[in-house]
Amino acid sequence: MGLPLVLLDVDGVLNPFERPHRGYRRHRCSPNGVTYRLWLNSRHGRMLLDLAESAGAELAWASFWCDHANTWIAPRVGLPELPFVPIPSFPGLGEGATLGAWKARHVASWVEGRPFVWFEDEPDVVECLANESGVADHLLVSVDPRVGLTEEHIERAGRWLAELNA
């Protein structure tokens with residue numbers, strides 16, 4: 001079965017779409033030469049590391065940022081380099097259906113039957129994961145993309161992981 005996973009999205013989860021509350025700083029990131037302006041909170045790294053350590057879980061990126069998250073996001077939120085789900089660019093509605101379906105397909109393949117918590121803001125991911133074969137026990141923690149990740153999200157994931165380990 002392997003260690004449980006804690007999967008992290010970036011945009012809408014660690015980088016809220018609206019101006020967030022105190023604790024966030026504005027950053028410029030330029031993966032592939034395209035500049036993005038992000039709101040990131042340096043406290044998120046410690047919260048996520050504590051969650052993973054207390055649950056005996058492994059953190060990983062599940063975002064279109066892929067390995068770019070290790071360069072541009074991780075150091076700004078206090079995370080080490082993490083493994084990542086290789087999610088290719090969204091091919092559009094024809095082949096990919098929706099962003100949630102496209103991400104769910106790649107996450108389901110990558111987790112290889114391991115239990116996982118996924119912090120995600122795509123609204124249809126729960127339904128899309130249900131349609132994927134071989135997906136183990138999981139909890140999708142739905143994050144409001146206007147607000148981003150909160151302590152309540154971390155606590156919910158922590159309770160689920162504790163029950164999984166009991």
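Helices (H or I, at least four residues) and strands (E, at least two) are DSSP runs, numbered from the N terminus. The model is predicted: local features need pLDDT of at least 70, side-chain atom pairs count only at pLDDT 80 or more, and totals for chains, interfaces and linings use all residues. Residues are numbered from 1 along each chain as its sequence is written, and side-chain values use heavy atoms, with hydrogens and water left out.

**View 1. Glu 120 in strand S5.** Glu 120 belongs to S5, residues 116–120. Its relative accessible area is 0%, so Glu 120 is buried (buried means under 20% relative accessible area, exposed over 50%, partly exposed in between; 1.4 Å probe, protein chains only). The side chains of Glu 120 and Lys 103 form a polar contact of 2.8 Å. A polar contact is a pair of N or O atoms within 3.5 Å; within protein, one must be able to donate a hydrogen and the other to accept it, and residues adjacent in sequence count only if both atoms are side-chain atoms. The Glu 120 side chain also reaches the backbone nitrogen of Glu 122 at 2.9 Å. Beyond four places in sequence, the contacts of Glu 120 (heavy atoms within 4.5 Å) include Asp 9, Ala 62, Lys 103 and Ser 142.

**View 2. Asp 9 and Lys 103.** Asp 9 sits in the loop between S1 and strand S2 (24–29). Asp 9 is buried, because its relative accessibility is 3%. Its side chain makes a polar contact of 3.0 Å with the side chain of Lys 103. Leaving aside neighbours within four places in sequence, Asp 9 touches residues including Leu 14, Ser 63, Phe 119 and Glu 120.

**View 3. Trp 65 in its loop.** Trp 65 lies between strand S4 (58–61) and helix H2 (68–72). With a relative accessible area of 6%, Trp 65 is buried. The side chains of Trp 65 and Asp 11 make a polar contact at 2.9 Å. Not counting residues up to four places away in sequence, Trp 65 touches Val 10, Cys 29, Tyr 36 and Trp 72, among others. Ile 87 is 22 residues from Trp 65 along the chain; their C-alpha atoms are 8.3 Å apart.

**View 4. The largest pocket.** Its volume is about 400 Å³. On a 1 Å grid over the protein atoms alone, a cavity is a set of points where a 1.4 Å probe fits but cannot get out; a pocket is an open set with protein on both sides within 12 Å along at least five of seven lines, and lining residues have an atom within 4 Å of a point. Grid points are joined across faces, edges and corners, and a volume is the space filled by probe spheres set on the points. Of the 21 lining residues, Asp 11, Tyr 36, Ser 63, Phe 64 and Trp 65 lie nearest the centre. Strand S3 (36–41) and helix H5 (99–111) are the elements giving two or more residues to the lining. S3 gives the most, with three.

**View 5. Two residues with positive phi.** Asn 32 has phi near 55°, a positive value in a residue other than glycine. Asn 32 lies in the loop between S2 and S3 and is exposed, with a relative accessible area of 66%. Cys 66, also not a glycine, has positive phi near 45°. Cys 66 lies between S4 and H2; this loop residue is buried, at 14% relative accessible area.
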